[in-house]
Amino acid sequence: MNPTILKIDGLTTEFETRAGRVVAVNGVSLSVKQGEILGLVGESGSGKSQTGYSIMNLVDRPGRITGGSILLNGTNLLALSESEWRHIRGKRIAMVFQDPMLTLNPVLRIDTQMIETVQAHAKVSRSQAREIARACLVKVGIAAPDERLKSYPHQFSGGMRQRVAIAIALVQEPEVLIADEPTTALDVTIQEQILYEMQQLARQSGTAMIWITHDLSVVAGLADRVAVMYAGRIIERGLTRDVLSRPTHPYTVGLLRSVPARNPRGSPLFQIPGAPPNLLAQIDGCAFRARCTQAGPRCTTLPPVQQSPNREVRCFYPVMPLQESVAA
Ligand SMILES: Nc1ncnc2c1ncn2[C@@H]1O[C@H](COP(=O)(O)OP(=O)(O)OP(=O)(O)O)[C@@H](O)[C@H]1O
């Protein structure tokens, strides 16, 4: 079995705002193994991106990490200084964003950008750096890489641009890649191609990936395991096939019912009634209870996590008992 590369325990990230304290990430624990893809799923505002930024030590003020530990192959990232972080960020953990232009410089050719990135971290000649850049473009499915290296970002389609941004993230051969909705703005066919290529890449290179998305249909074909977030907490977790075929948390059930591809053609699309809670207010008990069909009297206190070896749910009244695949 592949070793665990990233292990996060009790991660808590808070924003001290004028209106009060917002706990964006609330005691999140998760781990990813070499070559494994973990899908981090939830509605807008559930804390997925802040979890990613926390792992990268990129939380913007007034936010800060107030608790927990993040171990990258045994190194506690939360104990590192900013200068130590420079040897980790981009090199050992990389991140790609929904907007590839956050990574790409519009006025530089792709070869210049990629060669600079390679040479910033590795003592290689310009021609060796170019070869590494070229190989990365091929890895992410870019045809005619020599021609593409000479292009500027504006000469690429959206899907190509995102592939280049991913290739730049990969030139350092990071141990962990965090992808924050990188395919959300792309059309479905391009999205599916990129997801397939990413899956191949994780298997071949051993890169551990955390794929952040609001879309459960994205994780269905991509992720080995899935963690569902709600109001800053992970509320359900397991092997993707188990969670999608036997969801136990009422929120996961609602999310699955609202995936268009999983509903019969022509039937009205389900929407979970109500809205996520305001994280500025103190939330006692289960944060989902106001929207929950299963809620009962015990939900005014925080449900404990129910666990079996490969499954976990934080709910007093799961819709079915926890079960996992025999082959897990
Ligand atoms: N600058 C900020 N000031 C105060 N609160 C913030 C700030 N940035 C984020 N938050 C809080 O953190 C919560 C989680 O945000 P995050 O971006 O991680 O959600 P998300 O699940 O990634 O949603 P989305 O898909 O919309 O990006 C938000 O609901 C918000 O309450």
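Q: Then what does the shell around the ligand hold, by class?
A: This is a predicted model. In it, the shell around the ligand has 10 polar residues, four nonpolar residues and one charged residue.

Q: Which of the 15 residues around the ligand come nearest?
A: The nearest of the 15 are Ala24, Ser44, Gly45, Ser49 and Gln50. Two or more residues of the shell come from each of β1 (4-17), β2 (20-33) and α1 (48-55).

Q: Which element gives the most to that shell?
A: Helix α1 does, with three residues.

Q: Is α1 mostly covered or mostly open?
A: Helix α1 is mostly covered, as eight of its eight residues are buried. They are Lys48, Ser49, Gln50, Thr51, Gly52, Tyr53, Ser54 and Ile55. After the helix comes asparagine 57, whose phi is positive, near 55 degrees.

Q: What does α1 pack on?
A: First, the sheet itself. Four strands form an open sheet with antiparallel pairing, in the order β2-β1-β4-β5. Its edge strands are β2 and β5 (75-76), each of which pairs on one side only. Helix α1 packs on this sheet and touches β1, β2 and β4, and its direction makes about 70 degrees with that of β2.

Q: How many bridges join β4 and β5?
A: Strand β4 (residues 63-72) and β5 pair in the antiparallel sense over two bridges. Leucine 72 stands opposite threonine 75 in β5.

Q: What holds strands together in a sheet, in general?
A: Strands of a sheet pair through backbone hydrogen bonds, and the pairing is either parallel or antiparallel.

Q: Changing topic: what is the strand order in the sheet of eight strands?
A: That open sheet has the order β6-β7-β8-β3-β9-β10-β12-β11, and its pairing is mixed. From one strand to the next, the twist averages 20 degrees.

Q: Why do β6 and β11 each have a side without a neighbour in the sheet?
A: Strands β6 (93-96) and β11 (305-308) stand at the edges, and each has a single partner strand, so one side of each is left without a neighbour in the sheet.

Q: How does β11 pair with β12?
A: Strand β11 pairs with β12 (residues 311-314) in the antiparallel sense, over four bridges. Serine 308 stands opposite arginine 311 in β12.

Q: And what does β10 pair with?
A: Strand β10 pairs with β9 in the antiparallel sense over six bridges. It also pairs with β12, again in the antiparallel sense, over three bridges. Tyrosine 230 has arginine 233 in β10 as its bridge partner, while glutamate 236 stands opposite valine 313 in β12.

Q: How many residues lie between β9 and β10?
A: The two strands form a hairpin with two residues between them. Alanine 231, in the turn, has a positive phi of about 45 degrees.

Q: Is β10 enclosed or open?
A: Strand β10 is largely enclosed by the rest of the structure, because six of its seven residues are buried.

Q: Which helices lie across strands of this sheet?
A: Among them is α10 (residues 250-257), which lies across β9 (225-230) and β10 (233-239) and runs at about 105 degrees to β9. Another is α6 (residues 158-170), which lies across β6 and β7 (176-180) and runs at about 170 degrees to β6.

Q: Where is glutamate 36, and is it buried or exposed?
A: Glutamate 36 is in the loop between β2 and β3 (37-41). It is buried, with 21 other C-beta atoms within 10 Å; a residue counts as buried at 20 or more.

Q: What is glutamate 36 in contact with, leaving aside its neighbours within four places in sequence?
A: Its contacts are then Asn2, Ala208, Asp224 and Arg225. The C-alpha atoms of glutamate 36 and isoleucine 5 are separated by 9.5 Å, with the two residues 31 apart along the chain.

Q: Finally, the whole chain: how many helices and strands are there?
A: The protein chain has 10 helices and 12 strands. Of its 328 residues, 41% count as buried.

Conventions:
Residues numbered from 1 in each chain as written. Predicted model: local features only at pLDDT ≥ 70, side-chain atom pairs only at ≥ 80, totals over all residues. Near = placed C-beta within 6 Å. Nonpolar A, V, L, I, M, F, W, Y, C, P; charged D, E, K, R; others polar. Pairing = 2+ DSSP bridges. Axes fitted to C-alpha atoms, helices over the stretch in contact; angles between N-to-C directions. Contact = placed C-beta atoms within 7 Å. Buried ≥ 20, exposed ≤ 12 C-beta atoms within 10 Å, placed from the backbone.
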